[in-house]
Amino acid sequence: MQIHGGEGKTKDIRLDFSVNVNPLGMPRSVRNALAGLLLDPAAMEVYPDRTCEGLRRAAAGHYGVPEDWIVCGCGASELIYKIAGLYRGCRALVISPGFGEYEKALREAGCGLTVLKLKRERDFSFDEDFYERFCRAVGAGENRPDLVFLCSPNNPVGGRIPHEMLKNMLRLCMCRGVRAVVDECFLPFVTEKERTLEFLKEYAQESFHTGAGLKNGRTEESLPDEWNGNVAQVKNEVPCPVILKALTKSHAIPGVRLGLAISPDTEFVRSIRETGAPWTVSGVAAVLGEAAFLAWDEGEFRHMRNAVAEERKFLVSGLTEAGAKVYSGEGNFILFSVSAGESLFEFMRGRGILIRSCESFGLGTDFYRIAVRTREENESFLSAFCTWAIRGRN
């Protein structure tokens, strides 16, 4: 079973649709920084800064937050494991289908796990039914989680949690003493707007002392409507949400690995930084990340988003016409299901195309995820898919 994209890639694979990175490749700033490193290898003969001060300063400038809100890691995955480790033995909640490393990290940390399932019959959408079930799960008395992992856009579906719904979910978590972690690693493929981060900035500015941890519960008027009257259950220590970011996908550097966790809860950020091994962010990753944030070209990303949206539409149309069930989403990947029959994974592999099986996401063998690539690559994929579909009907 595939656990991650790119697994099973051999020399006979000519097209990799299992890895959902920027189809246009590295942005110019990152390519230039990498070329500079190749011209000056002596720069790699010194230890990297284990606190990533320069990288954090560059990221803070880009996101408009204080440096001490940020901790860097070897991809978002390392930060997921660090956060889970800080909640060792606690209760946690994850959404399914979702990135399998949330559950794996939590189980390794000995956490009791609640899995809230998005419903197939509702196209795995973040709708009112999901919201009501989430509110019940977070307010479930003794079984209430201490930690929640959310992902928007969700991997592998691509659905985004509506902003007002997400704000209410985060408010509810804070009111209930639940730490929410929001994975936004795929957000740059959808929008340049950092609405979740803006919400945290406003919340911190209005309600908390950001320099000494986040104390003091919210007032009754601040609770989501469905929880008014339950203020007695609000904890005095409010765990502010954490946002996960990564350059791995958006900047097409999966071989480098670079992720960030951002939160106004500076005490918790410090705890993440101080747990685990030192120097997990390499000197190469720090240089490329700093270049990416200092020379972030929104024009490049606007061009990328437009290209992804156009090619996504092209792929969805082709898949649907060939008989696949495509699930609504956004971003640089597509989830679809097919009728039982000859393995699509093996068929595609036999034609030099690697796609992503979705069993590790908690879905059946009839589900697959593909990346949105360039038009030429997408045409090659659809040609092979149509051949498979025709064979299945004969």
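The largest nonpolar core of this protein has 65 residues, and those with the most contacts inside it are Ile70, Phe130, Phe134 and Leu150. By nonpolar core I mean a set of buried Ala, Val, Leu, Ile, Met, Phe, Trp, Tyr and Cys residues joined through side-chain atoms within 4.5 Å. Buried, in turn, means under 20% relative accessible area, with exposed over 50% and partly exposed in between, for a 1.4 Å probe and protein chains only. Helix H6, residues 163-175, gives this core its largest share, seven residues. Helices (H or I, at least four residues) and strands (E, at least two) are DSSP runs, numbered from the N terminus.

Before I continue, a word on the model. It is a predicted one, in which local features need pLDDT of at least 70 and side-chain atom pairs count only at pLDDT 80 or more, while totals for chains, interfaces and linings use all residues. Residues are numbered from 1 along each chain as its sequence is written, and side-chain values use heavy atoms, with hydrogens and water left out.

Let me return to Leu150. Which residues does Leu150 touch, leaving aside those up to four places away in sequence? They are Ile95, Tyr102, Phe134, Ile161, Leu166, Met169, Leu170, Val181, Val182 and Asp183. A contact here means heavy atoms within 4.5 Å. As general background, nonpolar side chains tend to be buried together in soluble globular proteins.

For the protein as a whole, there are 12 helices and 13 strands. Of its 394 residues, 53% count as buried. Among contacts with a separation of 6 or more, 73% come from residues 24 or more positions apart.

Eight of its 11 residues are buried, so H5 is largely enclosed by the rest of the structure. Those buried residues are Asp129, Phe130, Tyr131, Arg133, Phe134, Cys135, Ala137 and Val138. The elements that cover them include strand S3 (91-96), strand S4 (112-117), strand S5 (147-151) and H6.

Two helix pairs deserve attention. Helix H3 (residues 75-86) packs with helix H8 (residues 266-274) at an angle of about 110°, their axes 9 Å apart. The axes are lines fitted to C-alpha atoms, for helices over the stretch in contact, and angles run from 0 to 180 degrees between N-to-C directions. H3 is therefore roughly perpendicular to H8, a term that covers angles of 65 to 115 degrees; under 35 counts as roughly parallel, over 145 as roughly antiparallel, and the rest as oblique. On the H3 side the contact is made by Leu79, Lys82, Ile83 and Leu86, and on the H8 side by Phe268, Ser271, Ile272 and Arg273. These residues divide into five nonpolar, one polar and two charged. In that division, Ala, Val, Leu, Ile, Met, Phe, Trp, Tyr, Cys and Pro count as nonpolar, Asp, Glu, Lys and Arg as charged, and the others, Gly among them, as polar.

In the second pair, helix H1 (residues 28-39) and helix H9 (residues 283-294) pack at about 140°, with axes 8 Å apart. This crossing, too, is described as right-handed. From H1, Ser29, Val30, Ala33, Leu34 and Leu37 meet Val284, Val287, Leu288, Ala291 and Ala292 of H9. The division is nine nonpolar, one polar and no charged.

Ser29 of helix H1 counts as buried at 14% relative accessibility. Ser29 touches Ala291, Ala292 and Ala295, not counting residues up to four places away in sequence. Ser29 and His251 are 222 residues apart in sequence, yet 9.8 Å apart in space, C-alpha to C-alpha.

I close with the backbone. Where is Pro153 found? Pro153 is in the loop between S5 and H6, and a cis peptide bond with omega of about 0° joins Ser152 to Pro153. Pro156 is found in the loop between S5 and H6; its cis bond is with Asn155, at an omega of about 25°.

Cys52, in the loop between H1 and helix H2 (53-63), has a positive phi near 55° although it is a residue other than glycine. Cys52 is buried, with a relative accessible area of 6%. Ala252, also not a glycine, has a positive phi of about 55°. Ala252 lies in the loop between strand S7 (242-246) and strand S8 (259-262) and counts as buried at 15% relative accessibility.

Note on methods: Left-handed = near helix turned anticlockwise from the far one by under 90°.
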